[in-house]
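Hi,

I am passing this structure over to you, with some notes on what turned up in it. Please have a look at it first, and then read on.

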Amino acid sequence: MTIEDIKKLEAEIRALDCKSAKEVEDARIRFLGKKGSVTALFDEFRTVDKEAKKEFGRPLNELKQLAGQRIEELKEKVGDQGANSSSKEDLSMPGEPLPLGSRHPVSIVREQIVGIFRKFGYDVAEGPEIEDDYHVFEALNFPPNHPARDMQDTFFVSAGHLNPLLLRTHTSSVQVRAMEKMDLPIRVICPGRVFRNEAISARAHCIFHQVEGLYIDEGVTFADLKQAILLFAREMFGPETEIRMRPSFFPFTEPSAEVDVSCNICHGKGCNICKGTGWLEILGCGMVDPNVLEASGIDSRKYSGFAFGMGLERIAMLKWRVNDLRHYFENDMRFLQEFDSAVEV
Ligand code: PHE
């Protein structure tokens, strides 16, 4: 080793220039890598005698420092240039798309139903999910301890006293609140979540959604009810749709009926969705019982009205032929993503 060897390398390092990160890395390896020329001098240094060590120690260390510094400088230089000129980043590339959620099938059906009744002039009302016994049962003509309460198996939040709190079993409670608050005539629909103590299966769930409706004015008749339901069914299921009404019972309506729509899959011929009957049950309805009007302070000799209620999961099932109610609550993305694109709004 001579001092000239060191000087020569020093000059080389000072003159070093690079145009890309790759060139800088190559230079680093050439000088400072395991087999690099600076490293080689250090290896040789280990074998020289004491005198020589004294002579070369310092210039060698300075050389190494210089090489390190120069590499860092060059890295910085090509780094800046790289951002401006290298083809690594394409600023015209479109951004990464944000995954968008899709609407839940029950929401889609709710929006459709609400949209149809809004067109008919109905307002939308909402109310609490934790209700009192009075608004869910008492004001709707369910006497205390009456077996009709068994039609809607109830989750009680607080039991025992006169007017216990419970999870509403239908949104008819919102209609009671509407009758208490709103001026007559009343035209209102009440969408919302309801709760019943049912064993969970393909056909039943303890949570589901309803849209209920109420119309109260002077001289409202069963013919008005039938016409409203027919118009709704045709908007919802298509202009060819027919309805039929079967007598039924609800404590808050008299007379009461259940409504079927003609099966829009087989058009009345009979298929496995309508179980060969050609008809699909979609809602319950009836003329508001005078006791219900009176309980909310409405004069039943002057006013009459009709009410109806339907389950949204059931309508969504008919619409999209979903065969298991539990899909609606399990948040399986493969199921949920199927719907938004299928909507015709
Ligand atoms: N509240 C009833 C139910 O949940 C449905 C209904 C509403 C029936 C209005 C008649 C009139 O089962």
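Through how many residues does a hairpin join E6 to E7? The hairpin joins them through two residues. Before the rest, a word on the background: this is a predicted model, in which local features need pLDDT of at least 70 and side-chain atom pairs count only at pLDDT 80 or more, while totals for chains, interfaces and linings use all residues. Residues are numbered from 1 along each chain as its sequence is written, and side-chain values use heavy atoms, with hydrogens and water left out.

**The strands around E7**

Helices (H or I, at least four residues) and strands (E, at least two) are DSSP runs, numbered from the N terminus. Strand E6 covers residues 243-250 and runs antiparallel to E7, with seven bridges joining them; two strands count as paired if DSSP finds at least two bridges between them. Ser-248 stands opposite Ser-256 in E7, and Phe-250 has Thr-253 in E7 as its bridge partner. Beyond that, eight bridges join E7 to strand E8 (residues 279-288), again antiparallel. Here Glu-258 is partnered by Gly-284 in E8.

E7 itself (residues 253-262) has eight of its 10 residues buried, so it is largely enclosed by the rest of the structure. Buried means under 20% relative accessible area, exposed over 50%, and partly exposed in between (1.4 Å probe, protein chains only).

**Helix H7**

H7 (residues 172-181) is mostly covered too, with seven of its 10 residues buried. Among them are Val-174, Val-176, Ala-178 and Met-179. The cover over the buried residues of H7 includes strand E4 (186-195), strand E5 (207-218) and helix H9 (290-295).

**H5 against H8**

Helix H5 (residues 105-119) packs on helix H8 (residues 222-237) at an angle of about 135°, and their axes are 10 Å apart. Axes are lines fitted to C-alpha atoms, for helices over the stretch in contact, and angles run from 0 to 180 degrees between N-to-C directions. The two helices are therefore oblique to each other; angles under 35 degrees count as roughly parallel, over 145 as roughly antiparallel, 65 to 115 as roughly perpendicular and the rest as oblique. On the H5 side, the residues that meet H8 include Val-109, Ile-113 and Phe-117, contact meaning heavy atoms within 4.5 Å. Their partners in H8 are Phe-232, Glu-235 and Met-236.

Best wishes
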